[in-house]
Amino acid sequence: MRCCVYQPRTYRRQCQRAGLAGYRVCVGESDLFILADRDIAEEARQRLVAVRQDLTAYIEQHPGFADALEPVKVVGSAPCMVRRMADAAVCAGVGPMAAVAGATGEEIARCL
């Protein structure tokens, strides 16, 4: 995965809710903001590390997945998140990495 230039996420200030605490969880280029009624930051961080490792391992075996600018067929025993990214790419007519942020957030939310 490539490094990107940080952009302030000022919209996160608008997401605060009474009774919920906000947690920022960052690993590499992934930057999540989680609202929860208890501190789940460490659980989220551990899951984010695992999700990123799964995606990185898939990309190492299938390098075209990361560079594709249009939908690609997923081959082999791909992680569920990779399959969801590929499905989203088909719907939008773009490369699967366009769905990486949403798929990562969804994967973490499903686990927590």
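Mentor: R110 and E106 both sit in helix 4, 4 residues apart, which is about one turn of the helix. Helices (H or I, at least four residues) and strands (E, at least two) are DSSP runs, numbered from the N terminus. Please keep in mind that this is a predicted model, where local features need pLDDT of at least 70 and side-chain atom pairs count only at pLDDT 80 or more, while totals for chains, interfaces and linings use all residues. Residues are numbered from 1 along each chain as its sequence is written, and side-chain values use heavy atoms, with hydrogens and water left out.

Trainee: What do the side chains of R110 and E106 meet in?

Mentor: They meet in a salt bridge, at 2.4 Å from N to O; the term stands for a side-chain nitrogen of Lys or Arg within 4 Å of a carboxyl oxygen of Asp or Glu.

Trainee: And is R110 buried or exposed?

Mentor: R110 is exposed, with a relative accessible area of 55%, whereas E106 counts as partly exposed at 33%. Here buried means under 20% relative accessible area, exposed over 50%, and partly exposed in between (1.4 Å probe, protein chains only).

Trainee: Which residues of helix 4 are buried, then?

Mentor: Those are A103, T104, E107 and I108. Seen down the axis of helix 4, they fall within an arc of 130°, so they line one face of the helix; the arc is that of the directions from the helix axis to the C-beta atoms. On the other side of helix 4, A101, G102, A109 and R110 are exposed.

Trainee: What covers the buried residues of helix 4?

Mentor: The cover includes strand 2, helix 1 (41–61) and helix 3 (80–92), going by contact, which means heavy atoms within 4.5 Å.

Trainee: New topic: where is S30?

Mentor: S30 is in strand 2, which covers residues 30–36. With a relative accessible area of 12%, S30 is buried, and, not counting residues up to four places away in sequence, S30 touches V25, L48 and R52.
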